[in-house]
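Let's take a walk through this one, going from the places where chains meet to the contacts inside them. Keep the viewer open and click along as we go.

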Amino acid sequence: MNISLDRRQFIKLIAATGAIAQTACSRPPPETILPYVHMPERMLPGAPEYYATAFVQHGYAIGVLIESNMGRPIKIEGNPHHPASRGATNTFAQASILQLWDPDRSRSVRRDGIVSTWSEWLSAISSISVEAQKNRGAGLRILTGNITSPTLLAQLQQLKIQFPNLHWHTYEPLHNDNASAGATLAFGKPLDVIYRIERANVIVTLDADFLSHGPAATIYAREFAARRRPDHAAGMNRVYALECSPGLLGTVADHRIPLSPAELERAAWQLAELIEGNTINDAPNWLQQIALDLNRHRGESLIIAGPRLPPSLHALAHSLNERLNNSQHTIQYIAPVVPPQNASLQELVSAMSDGGVDTLFILNNNAVYQAPAALEFSAALKHVRCSIHAGFYVDETARQCQWHVPLAHTYEQWSDARAYDGTATIVQPLIAPLYGGTSPHEILNRLLGNESRSAYDTVRAYWRSLRSENFDAFWQSVLQRGVIADSAFPSQTVVARPVEKSRALNDASLTAIFAADPAVDDGEYSNNGWLQELPRPLSAMTWDNAALMSVATARRYNVNNGDIVELQHNGRRLQTPVWIVPGHADRAITLPLGYGRWAAGNSGNGVGFNAYALRPVDSSWFIDGIQLRKLGTRYSFALTQTQTDSADRKPVLHATLTELRAQPEFVRIDTEKNSGAGSLYPEYSYDNYKWGMTIDLSACIGCNACTIACQAENNIPVVGKNEVARGRHMHWIRVDHYFEGSKEDESAQKNPTVLYQPVPCMHCERAPCEEVCPVGATMHDSEGLNVQVYNRCVGTRFCSNNCPYKVRRFNFLQYADRERESLKAQRNPEVTVRQRGVMEKCTYCLQRITRGRIEAEKRGTPLRDGEIVTACQAVCPTQAIAFGNLNDGDSAVARAQHSSRNYTLLEELNTKPRTTYLAKISNPNASISAQLSKPEPRDA
Amino acid sequence: MNSRYGLLAEFRRPDELMNAARALHAAGYRRVHAYTPYPVEELAQALGYRGNRISVFAFIGGVVGGIGGYFLQWYAAVVDYPINYGGRPLHSWPAFIPVTFELTILGAALFTVIGMLVLNDLPRLHHPLFSVKEFDLASRNRFFLCVENNDPLFDNEGTLTALEQCKPCAVCQVPL
Amino acid sequence: MPQVFSLRRVLLIKLGSLVLLIVVAATLVVMHWQMQYPNAVGAPVRQPIPFSHKHHVGDDGIDCRYCHTSVERGSSAGLPSTQICLSCHSQLFSDANIFNPLFSSMQSNRSVVWTRVHDLPDFVYFDHSIHVAKGVACVECHGRIDQMPLTWRVASLDMQWCLDCHRAPQPHLHAANEIFAMPPPAVSNGEQLSGFYHLRSRQRLTDCSTCHR
Amino acid sequence: MLEQLTTHARDAEQKNKRWSYASISDHIADIVLRKNFGWRWWLLLGISSAGTLIFFGAIAYLFSVGVGIWGIDIPVAWGFAIGNFVWWIGIGHAGTFISAVLLLLRQRWRTSINRFAEAMTLFAASIAGLFPILHLGRPWFFYWLLPYPDVMNVWPQWRSPLVWDFFAISTYITVSLLFWYVGLIPDLATLRDRAHGTRAQIIYGLFALGWRGDAIHWARFEQAYLLLAGLATPLVVSVHSIVSLDFAIGNTPGYHSTIFPPYFVAGALFSGFAMVLTLAIPLRHYFHLEQFITPVHLNNAAKVLLATGAIVTYGYASEIFMAFYSDDPYERYVAINRATGPYAPVYWTMLCCNVALPQLLWFKRVRHSIATLFAISLVINIGMWLERMMIVITSLHRDFLPSAWGMFWPTRWDWIIFFGSVALFVFLFLMFIRLLPAISIFEMRQLGHAAESSQ
């Protein structure tokens with residue numbers, strides 16, 4: 001490596017043994033340089049380049065720009081031109097870069113579990129193809145997940161034409177079937193819904209957390225947050241969240257009503273009645289108020305039904321939006337982006353067990369793990385003569401199949417994909433496949449008999465067929481822009497027919513709700529250390545899932561956090577630890593999917609419990625009448641935040657809109673007693689640049705995207721569950737959450753106000769950390785950055801003790817992986833990889849500032865506002881983070897810090913932070929009491 | 001020419017030694033040394049020892065340590081590499097005091113001990129007196145008086161009788 | 001009692017302590033040597049091809065940028081690709097077998113493995129382009145490269161050396177058109193130049209964050 | 001109190017009168033020079049050296065793996081290492097206090113205990129000095145705390161209390177060493193002259209520097225010794241004050257308090273004298289030094305314990321008072337949290353050990369019952385250790401932002417290294433009493449002479 005490292009090792013040796021004389025033997029070996037043989041065009045060694053492509057999740061695309069340094073993709077940024085991104089991304093997109101470099105990815109073709117060769121595989125598939133040509137695809141079936149790729153769909157279409165007897169099944173554990181069924185109920189045909197959140201003044205959600213789930217979550221979050229800012233031209237929106245299982249939306253909504261599924265269904269129908277103007281005597285006050293509010297905002301309100309709800313409620317939502325004259329204003333309908341599926345998993349399983357399947361292609365799908373246990377997919381799979389799995393990992397399904405073929409990662413292959421609104425993007429490779437691997441396009445090509453047609457040719461050919469005239473120009477532009485212009489689906493004008501009332505859900509003593517996990521989604525990301533270590537919202541839990549339940553439910557079953565319980569539902573059992581979430585609906589428990597995997601990889605194996613074990617055959621979202629038994633054994637979680645009570649210290653200042661109007665300067669009330677505290681120290685002048693950051697707590701939805709973006713940008717190591725449990729997680733920016741209301745307050749426990757607060761380094765001008773460092777490893781630079789010099793740090797940890805915000809992180813052990821090559825290659829070469837024993841912390845992305853400054857110096861003009869964007873700022877879906885030069889009066893951050901909502905954390909300590917906060921403003925309905933009383937179900 | 005270091009008289013009690021010392025000093029002997037198992041008050045003075053140069057050493061040491069220490073900090077923090085640590089002034093003199101103080105003490109202490117050794121011209125492992133058989137009692141319970149050869153007044157018989165008059169329990173030659 | 005320390009013993013003891021001193025000193029010297037660079041200042045570094053800057057720069061007068069293509073734009077000056085070398089040497093001296101590594105590289109499409117002459121620790125982020133843009137001539141760090149038959153290091157490259165210039169850059173500045181001259185004429189108007197290049201304050205130039213991240 | 005002490009000192013001398021210079025020298029010197037040292041000593045030595053080996057083994061492991069083997073985390077980034085450091089350095093205060101301050105105060109009774117008290121100081125301080133280095137994340141760079149001209153051109157950061165520590169501790173160790181060694185020179189001469197084997201003669205002789213007991217040397221010796229005492233006195237006070245600043249300078253609630261310096265110094269003497277008793281009682285019993293270390297000494301030491309204990313108690317009280325009087329929510333919370341939080345047991349045990357039990361020392365009977373004294377001294381040692389941990393850990397684990405609150409649980413390595421350091425201390429002390437006179441011989445002679453001439 002480098003000199004100093006050897007020096008360190010050398011001196012370490014002395015320190016360890018004290019045998020000075022003996023160790024003096026050899027100097028560090030000389031380093032080598034390997035220049036290119038053929039220098040690529042316009043390539044600048046060491047300078048990052050950005051390529052537009054797409055991150056594909058459940059088939060849907062989010063347009064991204066991937067930063068590549070010396071040919072190594074290292075960081076994901078959102079594509080500003082892409083409708084599903086507009087520059088932001090979600091946690092999964094950020095972590096996908098680690099998935100690309102994951103050393104556990106599949107590296108070779110396998111036959112019956114034994115490493116085989118590509119040539120063998122090719123001969124195998126060609127014989128399959130020949131076979132299929134003969135019997136026109138009889139006994140040949142394909143299982144995939146959602147597919148939006150126009151090229152792939154075209155190829156499948158082609159297959160069906162060539163092989164009429166072929167069957168194509170799709171399975172998504174986090175399916176949206178209810179919604180499309182609901183649309184069919186309402187409109188007679190399946191349709192996708194696009195919400196115009198930013199246009200809505202009143203939003204009522206029925207178990208719909210549109211901030212965290214769905215292909216448009218990122219963009220919805222942005223539109224939502226825009227209307228959460230009191231200074232928005234159209235004013236603040238008001239959100240009523242009726243939810244069965246706590247999600248991000250509920251925590252930032254103005255009114256949050258936890259309801260069990262059955263209660264929610266009843267409330268929905270009652271709401272319908274009330275909107276009609278009928279009076280219901282047993283309807284709770286809040287419901288009547290919501291109805292009034294909705295009627296008051298006809299054409300500018302919005303009712304959203306969540307994917308878990310039965311079709312009837314989706315249909316109801318459609319008709320209510322119709323009734324409220326919202327359609328085409330706040331809601332639009334387009335043809336389904338994922339074409340209605342041909343056949344379901346259940347049909348496949350029955351076909352397999354009848355022996356009706358000779359050959360099964362499983363393309364990028366892990367049905368063996370993700371299918372409901374009740375379906376007994378793997379048992380049925382044994383009846384298939386020839387099963388072929390193509391995927392990134394040798395996962396559960398790969399191990400059950402006869403053939404496993406490694407797929408190249410999305411960032412290693414040519415393809416295309418559509419976004420939630422139909423906008424298509426060309427997926428282009430950033431790097432040659434690290435571990436070999438083919439693509440679904442090529443597999444289908446081989447099946448179709450046109451042997452060696454590459455994915456690249458296939459994708460190009462498809463688009464050429466659409467845009468023949470000057471195709472190459474078109475191709476260049478779409479590759480550069482990352483979006484295919486006006487490929488979005490046109491909005492359709494449809495009329496929802498009214499639906500007759502029906503009950504789909506029945507009251508139960510305990511209902512289980514299946515949920516997508518905020519960290520590992522449906523299990524696809526189980527092996528991703530960044531995501532596993534990302535604190536789950538509302539629990540700050542890492543490396544685990546748990547049965548989430550309300551305080552009351554826990555009391556009813558006399559269980560506490562960490563108690564292991566056994567859940568039982570017609571014969572199937574599941575053992576899981578309990579976690580209590582204040583504000584969870586009573587009579588319901590949430591079971592996050594995606595854990596308890598046994599073939600995920602080193603990081604993901606055996607983490608958490610597998611909720612698919614309880615899922616019913618039709619993969620429905622609710623099961624009622626579940627039995628819960630306390631086993632008496634305990635389980636310990638690894639949390640990044642153990643204290644959720646702010647202990648009356650008011651770290652998050654907040655007020656309602658009316659309070660703000662009455663007293664714009666309200667943040668001063670809490671701080672005036674200490675603000676302007678005098679100081680004996682001289683004022684240092686920062687006359688060139690003066691970096692600062694402001695975080696708008698009204699906009700923050702607690703999604704943790706900033707945390708993981710920072711981790712990706714700054715080479716922050718993963719430490720594992722045990723270290724997290726010891727309080728040694730390394731995140732430079734953490735998202736604190738507080739449950740407002742004391743432990744005693746019953747109603748507060750039932751439904752507390754949740755406050756989020758992202759906490760990066762405050763870059764205090766009077767930094768307490770700097771004063772106490774004995775070796776001066778942390779100091780201020782002339783632009784006011786609180787700098788941490790890793791190579792000077794000796795690790796006294798005094799700075800952390802003296803940091804009132806506790807934002808410093810310490811390498812207690814050698815956390816950064818020094819062995820595995822692929823992980824080394826993934827790291828950002830612009831950021832030092834920290835050694836064991838040094839302190840680290842947020843640097844305001846110093847590497848980005850430096851690069852920007854150097855460029856500005858070279859071109860001779862000062863940096864413009866927005867030219868330097870920190871990783872957390874770039875990723876934030878709600879644009880809650882402003883960063884820039886405080887000396888530039890009209891920079892975004894300077895303007896933000898002049899806002900009346902601007903305040904500094906722990907101002908009384910007079911540390912003069914550069915990072916400040918804008919107080920959180922909510923817009924509750926005055927005529928609903930703060931603590932909502934929820935209706936007691938009739939038949940409970 | 002002379003292979004003798006001096007004459008050594010041995011006493012049982014400190015006061016006898018004291019008298020002997022006073023007598024010889026009065027008689028004008030100047031190169032007389034007394035050896036005792038513990039410090040006997042006034043004895044050194046009786047043999048003409050004056051002054052307290054060690055405290056001068058200590059003082060110099062203290063001054064060097066103190067001024068040196070403060071200068072070191074000032075130079076490092078203000079002149080050589082001025083860095084803004086937590087918005088504190090470069091010359092934060094109150095923070096410089098502890099180190100200055102410690103270095104003052106350190107300097108003074110070191111100089112004191114060094115001074116003591118230098119003035120006593122120690123270490124001196126080899127010394128003619130150690131050749132005298134009984135001299136090991138000097139560190140136990142006997143008190144010795146030695147008139148050295150190179151004393152101007154020294155002459156064998158005269159000095160011997162002078163010592164005898166002090167009633168030592170023994171007198172012996174100290175070879176070189 | 002007999003002397004415990006005969007004069008001989010005393011002598012031995014003195015010699016002994018002297019030896020002890022020497023051992024300690026030696027250890028320190030060894031430690032210091034340990035921490036040294038792999039290749040010493042002024043010592044030519046062995047390379048797969050005995051490349052002579054003296055010949056290329058001194059005799060032929062080839063501009064630095066012809067081979068070190070990214071020196072003005074990128075953080076790294078860039079080492080010439082095999083292609084660039086062959087752009088001349090496919091004709092010139094192409095029969096000399098010292099070029100075998102070059103040809104085999106072109107055939108096998110494998111890089112020529114050169115040995116580093118200037119190696120900074122990984123936690124130091126040096127950027128060629130900004131130094132060149134601010135008037136620091138090649139010669140300031142690389143010395144009279146045009147007189148080096150084999151390449152060696154002229155600068156210690158330790159932090160002190162960097163700081164010397166960052167604290168008082170004026171004497172090391174050169175007119176924009178003389179950056180790549182070998183050697184550039186001596187500078188008299190350093191003050192003017194630092195104004196011309198808009199050099200930042202000494203404070204800015206010696207900030208830790210200027211080189212470390 | 002002083003008159004009292006002197007009178008006690010006088011009847012101590014009454015006892016000593018029966019001793020002649022010769023017998024004093026012989027008795028003390030022979031302890032060291034005798035061939036066989038008895039199986040108890042060997043047994044203890046065996047145990048302690050085993051412990052010492054484990055200690056160094058643990059350190060090797062620590063250096064090769066990292067401080068992560070301890071229970072420390074964020075927010076509690078300091079744990080046992082710093083606690084042990086403060087505890088040891090505290091113990092290391094009694095010695096110099098006894099030799100220096102009591103010398104200046106002309107407390108003659110100090111004579112028979114100062115030598116081994118100084119040795120204790122030296123060992124404790126050195127072990128203490130070890131811990132700040134052990135606790136570094138990258139201990140092999142500890143020398144960066146020193147100002148020296150280097151190619152990096154960077155200096156220590158002088159505003160950091162850790163730098164002050166570095167100078168304070170090293171100065172303290174150096175001065176204590178000088179003080180101790182200077183006092184030893186005449187006794188080393190005695191050993192040189194009384195030793196039989198040539199090897200012993202040479203070794204003792206080397207360190208005796210050829211001391212001959214020249215009257216003039218004695219005069220300078222006494223001047224130097226007095227000067228050192230004068231220098232050591234402010235030093236003793238400064239060292240633990242500076243150690244206390246490691247905490248008081250910080251803004252952490254529970255650290256940030258002006259009472260710390262006096263409160264720490266008192267605490268140091270408290271634990272120091274406790275340790276003196278813990279060592280003196282077995283020592284006198286085992287080597288039949290009852291004549292030299294008399295009940296009077298123990299009695300006086302006990303009184304010092306009582307006095308310093310009172311100051312420490314005042315420290316606790318004032319902390320609590322200030323927490324509420326200052327109306328600082330964070331300070332107030334720390335006070336409450338200490339008494340009722342997860343670490344409450346530590347807090348209350350500490351109060352029992354340091355406040356409640358020592359009150360027994362008001363009774364003369366307790367002060368004169370050797371066994372009880374020994375027991376109490378042990379309890380106080382434990383109590384003071386708990387106090388250090390209480391200060392270091394409970395203040396950190398819940399500071400300003402509740403979201404960042406955490407816990408500290410010691411790992412087995414925390415314990416191994418702590419007990420290892422105790423073993424090392426015992427080992428060093430055993431070697432000391434084996435090789436050097438545990439009581440200052442020449443001063444005892446002098447005392448005898450003084451007593452004589454006082455007739």
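Where chain A and chain B come together, the contact takes 13 residues from chain A and eight residues from chain B, with contact meaning heavy atoms within 4.5 Å. Before going on, a word on the ground rules: this is a predicted model, so local features need pLDDT of at least 70 and side-chain atom pairs count only at pLDDT 80 or more, while totals for chains, interfaces and linings use all residues. Residues are numbered from 1 along each chain as its sequence is written, chains are lettered from A and ligands numbered from 1 in the order in which they are written, and side-chain values use heavy atoms, with hydrogens and water left out.

Back to chains A and B. Between them they bury about 940 Å², with 55% of that on carbon and sulfur atoms; buried area here is the accessible area (1.4 Å probe) that two parts lose on being put together, summed over both. On the chain A side, Tyr681(A), Tyr684(A) and Glu771(A) lose the most area to chain B, together 46% of what that side buries. Glu771(A) also turns up in a salt bridge with Arg88(B), where the closest N and O atoms are 2.8 Å apart. The term salt bridge stands for a side-chain nitrogen of Lys or Arg within 4 Å of a carboxyl oxygen of Asp or Glu. The rule finds one salt bridge across this interface.

Which elements of chain A give two or more residues to the side that touches chain B? They are helix H26 (768-772) and strand E34 (778-780), and E34(A) gives the most, with three residues. Helices (H or I, at least four residues) and strands (E, at least two) are DSSP runs, numbered from the N terminus. Sorted by class, this side of chain A has six nonpolar, three polar and four charged residues. For that sorting, Ala, Val, Leu, Ile, Met, Phe, Trp, Tyr, Cys and Pro count as nonpolar, Asp, Glu, Lys and Arg as charged, and the others, Gly among them, as polar.

Ile74(D), Arg138(D) and Trp140(D) supply 17% of the area that chain D buries against chain A, more than any other three residues. The salt bridge count between these chains is one: the side chains of Asp399(D) and Lys806(A) meet at 2.8 Å, N to O.

Over all chains, a search of the whole structure finds 64 salt bridges. Arg194(D) lies in H7 and Asp30(D) in helix H2 (residues 21-33), so the pair ties together parts of chain D that are 164 residues apart in sequence. Arg194(D) is buried at 19% relative accessible area, whereas Asp30(D) is partly exposed at 30%; buried means under 20%, exposed over 50%, and partly exposed in between (1.4 Å probe, protein chains only). Salt bridges that share partners also join Asp781(A), Glu783(A), Arg853(A), Arg204(C) and Asp207(C) into one network.

In chain B, Arg31(B) forms a salt bridge with Glu148(B), at 3.4 Å between the closest N and O atoms. Arg31(B) sits in the loop between helix H1 (14-26) and strand E2 (32-35), and Glu148(B) in strand E3 (residues 143-148), 117 residues apart. Arg31(B) is partly exposed at 36%, but Glu148(B) is buried at 6%.

What about disulfides, meaning pairs of cysteine sulfur atoms within 2.5 Å? For Cys761(A), the nearest cysteine sulfur, that of Cys842(A), is 5.4 Å away. The sulfur of Cys64(C) is 4.1 Å from the closest cysteine sulfur, in Cys138(C), so it is too far for a bond.

Methods: Disulfide = S-S within 2.5 Å.
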